[in-house]
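Please examine the sequence and the structure shown below. The report that follows describes selected side-chain pairs.

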Amino acid sequence: MHARFPDFRLGNVLATSFTGTLSERHGSAVERIPTPHRLIDWLAVNGLAVDSCTAAQLDLARELRESIHAAATAAAIQDALPVSAVQVINDCSVQGRAAAILTPEGERRWRLSSASCVEDALSVIAADAISIIAGERDGKLALCASPTCQAAFFDTSQSRTRKWCDMNTCGNRQKKARFNANQRKNPRSAE
């Protein structure tokens with residue numbers, strides 16, 4: 001029997017999408033990469049296909065994920081970056097041997113070495129995190145307004161005032177809660 005895992009929450013920014021593999025951090029946490037094979041699946045969906053993953057590599061991936069989350073959260077609230085998180089991000093960034101390649105269609109793809117594919121993929125994610133935390137990309141780090149989520153996300157909206165990490169989950173949930181609360185206050189408005 002095949003285990004059913006929660007869907008991945010995909011975004012446009014690799015590093016913050018990776019932190020989204022653990023959601024609802026302040027509620028009933030949802031782990032989206034509970035097994036090495038599930039990490040392989042996530043990497044493949046994000047253009048970083050690897051052949052295998054060990055339990056130790058999954059642990060390293062989760063450590064990187066939590067370090068990116070901690071550093072991105074600190075950056076979003078303009079706090080000092082946690083030294084241990086910065087160290088993990090930097091270590092992962094230099095460990096890999098990934099190379100950016102240009103496709104004939106003009107798109108960037110990643111070529112991972114055959115010796116340490118998971119570490120190569122993690123180095124790409126770490127480098128992406130460095131670019132957004134260092135402010136090198138057009139956008140701003142923000143925290144989801146959902147009290148149970150509070151995920152760090154990279155806001156590239158024109159006004160830079162986005163409130164939710166994902167409108168289809170957190171934003172929709174909050175809008176629905178507001179609607180239901182208003183219905184309880186004014187039951188006749190539904191008629």
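## A pair within one helix

Aspartate 41 and arginine 38 are three residues apart in helix α2, so about one helical turn separates them. Their side chains meet in a salt bridge of 3.6 Å, N to O; the term denotes a side-chain nitrogen of Lys or Arg within 4 Å of a carboxyl oxygen of Asp or Glu. Arginine 38 is buried at 12% relative accessible area, whereas aspartate 41 is partly exposed at 26%. Buried means under 20%, exposed over 50%, and partly exposed in between (1.4 Å probe, protein chains only).

## Basis of the model

The model is predicted: local features need pLDDT of at least 70 and side-chain atom pairs count only at pLDDT 80 or more, while totals for chains, interfaces and linings use all residues. Residues are numbered from 1 along each chain as its sequence is written, and side-chain values use heavy atoms, with hydrogens and water left out.

## Other salt bridges

Eight salt bridges are found in the whole structure. One of them joins glutamate 31 to arginine 65, with the closest N and O atoms 2.8 Å apart. Glutamate 31 belongs to strand β2 and arginine 65 to helix α3, so this pair ties together parts 34 residues apart in sequence. Helices (H or I, at least four residues) and strands (E, at least two) are DSSP runs, numbered from the N terminus. Arginine 65 is buried at 3%, and glutamate 31 is partly exposed at 23%.
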